[in-house]
Amino acid sequence: MAIILGISILIIGFSLSVTTLEETTSEEKNLVVEEIIRADVIMPTKVSRPGCDIEDVCYIPSNIVVKKGGSVTWLNEDSSFHTVTSGFYGEPTDLFDSGYLDPYEYYTLSFDEIGTYDYFCTLHPWMMAQVIVE
Ligand SMILES: [Cu+2]
């Protein structure tokens, strides 16, 4: 009896892991496709450490220009959480805030008013960039 139960549990466990693997694989494929199509600004790897600010590559590009009414999509390509938060570190303007973006998570915003929008990451004070709407 114990052996049969053990085998059943093994089989169930195996089917579960196969299902999870298939889901992950198809999600990853979607990510690759979406990444090519959708990301306007990326947060590259290793920006959770100071240094990206020296060459202004914490967000790439660090200055993006869009037409009024246009949208910008950010993609976090790093393995750490990051945010896209309006204003400056310690002085948020409360216009927008992505919250914590998981690795490979997207965030999209539309800009309906002309202006320069500074933004930063609430977790990494050196991460700063701008959206310019014209
Ligand atoms: Cu960050």
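**Exercise 1.** State in which sense strand 1 and strand 3 pair, and over how many bridges.

*Solution.* Strands are DSSP runs of E with at least two residues, numbered from the N terminus. Two strands pair if DSSP finds at least two bridges between them. Strand 1 and strand 3 (residues 71-76) meet this with three bridges, in the parallel sense.

The model is predicted: local features need pLDDT of at least 70, side-chain atom pairs count only at pLDDT 80 or more, and totals for chains, interfaces and linings use all residues. Residue numbers start from 1 along each chain as its sequence is written.

**Exercise 2.** Decide whether Asp 112 is buried or exposed, and list its contacts beyond four places in sequence.

*Solution.* Asp 112 lies in the loop between strand 6 and strand 7. A residue is buried with 20 or more other C-beta atoms within 10 Å of its own, exposed with 12 or fewer, and partly exposed in between, with C-beta atoms placed from the backbone. Asp 112 has 9 such atoms within 10 Å, so Asp 112 is exposed. Contact requires C-beta atoms, placed from the backbone, within 7 Å. Leaving aside neighbours within four places in sequence, Asp 112 contacts Lys 68 and Gly 69.

Technical notes:
Helix = DSSP H or I, 4+ residues; strand = E, 2+ residues; numbered from the N terminus. Contact = placed C-beta atoms within 7 Å.
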